[in-house]
Amino acid sequence: MSLPQLLAGCVVLVTADRRAGDLRAALERRGARVVHTPALTIVPHTADADLVRETQDLLAAPPDVLVVTTAIGFRGWMEAADAAGRGEELHEVLDRTRIIARGPKARGAIQAAGLEADWVAESETSAEIRDVLLTEGVAGRRIAIQHHGAGADELDVDLAAAGADVTSLVVYRWGPPPEPDAVAYGIDQAAAGDIDVVVFTSAPAASAWVAAAETAGVLPSIIGRAASGGLVVAAVGPVTARPLRGAGIVPLLPERSRLGSLVRAIVSHYESDTARVVETVAGPLQLRSTAAVLDDEVLAVSPSGLALLHLLMDAKGDVVSRSEVLEVLPGDSRSGHAVEVAVGRLREAIGDRRVVETVVKRGYRLALA
C-alpha cells in the first residue's frame, strides 16, 4: 500500500552520512525529492593501533564502569577486538563490568553483543550520565568511555577532575565531507530558496554545515528563510539541534530522537502548515521550492510560473500589475507579450483557468475562495 504523497514537490537536503539511505527512502516514499550531500564522513578506527593498545590495557586492568555513547561506535569496538583476536576476552571482562548506555540505540548494540546495560540515559545526553556518576561518586573508580565521533562532550574531563581514572576509547571520528563542492552547492540552494527542508542527524554535521554556510556568506539568508517558514530545518534530537540554535535557527524536532519520528515530524509540519496555504476557488494552493500543490495535486509549473505564483500569493488576492509580473520573470524581455505567455502557461499548468484572473487594464490576481 502506497503512502500519501504529503511531501510531493518538496526538495529535502539530507546532510547525514550514516543511515542516509534509510532516511532518503522514507522521505521519497512520501513524495519528496531528496538531495544527499553529507556534511561530514565517518572515519572508522577499527584498524588503529591506538584502539587495539587501549583495549589491551583495559583487559589488563578492567574498568569498574563502561560508558557506551553510540551504537555504531560500540559495534566497531567489538569488531576491532575480534580482528585483534581479543573479542572473547573483552566480552568476558565487560560481562563483569557495570555498563551505562547513552540512549536506547546504544543499549540495543550492547544487547546485540550478548551483554546487558545496567543503566540507560533516556535523554541520550552525556550530561545525564555525568550527573548520575558524579552524584554516585567516582573518586578512585576506573571508568572507560567509548567516544562518539565528536568526542565525549567533556565527560571524560569532568569525571577525571572528580577523581576517576578515565580511559577514552575513540572508535570512529568525523572526517571532512566526501564532496565539499556538493555541500557548498546545497547550502547555496538552501539560501536561494531551492530547498524546502534541511535534515540533520548529528551535532557535528550540523555544526560543520552552519560553519560552511557562514564561510560562504549565506548564513543570514538561511536564518531568514528558516524564520519566515520558507525553509524547514529539522534535527533528530536536542543534542543535534544545539549548533543550530546557537546559530539562531529554531529547528523542527520530533517527539522521539528516531529517524522514523523525524520523518513523521516533517510530514506533520506540512500537513498543519496553514500559514503558507492560500484557499483558491479550485482548492488550497501551497508553494514549494520546485512545485506547486493545488488541492493535494502536484502541478508541473515552470520556474517562471512559480515566480509568478509567488507574486500572486504574496498579494493575497490583490491585483498585481503587468510591470510587477515582468519584474519577476526571468530574462530581459519587457514586452506585454511575455506577460501574456507566462500567465497562459501558468493557467495551463494549473488546469483551472479560474485560479488566475485577469483584471482588465490593471493586471492579474488569484481568485480566492
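The following legends describe close-up views of a predicted model.

**View 1. The largest pocket and its lining.** The largest pocket holds about 690 Å³ of space. Of the 35 residues that line this pocket, Arg18, Arg102, Lys105, Thr201 and Thr240 are the closest to its centre. Two or more lining residues come from each of H3, helix H5 (104–112), strand E9 (172–175), helix H9 (203–216) and helix H11 (238–246). Helix H11 gives the most to the lining of the largest pocket, namely five residues. By residue class, the lining of the largest pocket comprises 17 nonpolar, ten polar and eight charged residues.

View 2. Leu244 is found in helix H11. Its relative accessible area is 0%, and Leu244 is therefore buried. When neighbours within four places in sequence are left aside, the residues in contact with Leu244 are Phe200, Ala206, Val210, Val233, Ala235, Ile249 and Pro251. For Leu244 and Val233, which are eleven residues apart along the chain, the C-alpha atoms are separated by 8.6 Å.

View 3. The structure holds one cavity of 30 Å³ or more. The space in the largest cavity amounts to about 40 Å³. Its lining consists of Leu51, Val52, Thr55, Ala80, Ala81, Ala84 and Arg86. Helix H2 (49–60) and helix H3 (71–83) are the elements that give two or more residues to this lining. Helix H2 gives the most, with three residues. The lining of the largest cavity divides into five nonpolar residues, one polar residue and one charged residue.

**View 4. The buried and exposed faces of helix H4.** In helix H4 (residues 87–95), the buried residues are Gly87, Leu90, Val93 and Leu94. These residues lie on the same side of H4 because they cover an arc of only 125° around the axis. The face turned away from the buried side of H4 carries Glu88 and Asp95, both of which are exposed. The packing partners of the buried residues of H4 are H2, strand E4 (65–68), H3 and strand E5 (98–101).

**View 5. The hairpin of strands E16 and E17.** Strand E16 (residues 356–359) pairs with strand E17 (residues 363–366) in the antiparallel sense, over four bridges. Glu357 has Arg365 in E17 as its bridge partner. The two strands, E16 and E17, form a hairpin with three residues between them. Lys361 is placed in the loop between E16 and E17. Although Lys361 is not a glycine, its phi is positive, at about 65°. Most residues other than glycine have a negative phi. Lys361 has a relative accessible area of 87% and is therefore exposed.

**View 6. Lys316 in the loop between helices H13 and H14.** Lys316 lies in the loop that runs between helix H13 (303–315) and helix H14 (322–328). Its phi is positive, at about 55°, although Lys316 is not a glycine. With a relative accessible area of 66%, Lys316 is exposed.

Notes: Residues are numbered from 1 along each chain as its sequence is written. This is a predicted model: local features need pLDDT of at least 70, side-chain atom pairs count only at pLDDT 80 or more; totals for chains, interfaces and linings use all residues. Side-chain values use heavy atoms; hydrogens and water are left out. Two strands pair if DSSP finds at least two bridges between them. On a 1 Å grid over the protein atoms alone, a cavity is a set of points where a 1.4 Å probe fits but cannot get out, and a pocket is an open set with protein on both sides within 12 Å along at least five of seven lines; lining residues have an atom within 4 Å of a point. Grid points are joined across faces, edges and corners, and a volume is the space filled by probe spheres set on the points. Ala, Val, Leu, Ile, Met, Phe, Trp, Tyr, Cys and Pro count as nonpolar, Asp, Glu, Lys and Arg as charged, and the others, Gly among them, as polar. Buried means under 20% relative accessible area, exposed over 50%, partly exposed in between (1.4 Å probe, protein chains only). The arc is that of the directions from the helix axis to the C-beta atoms. Contact means heavy atoms within 4.5 Å.
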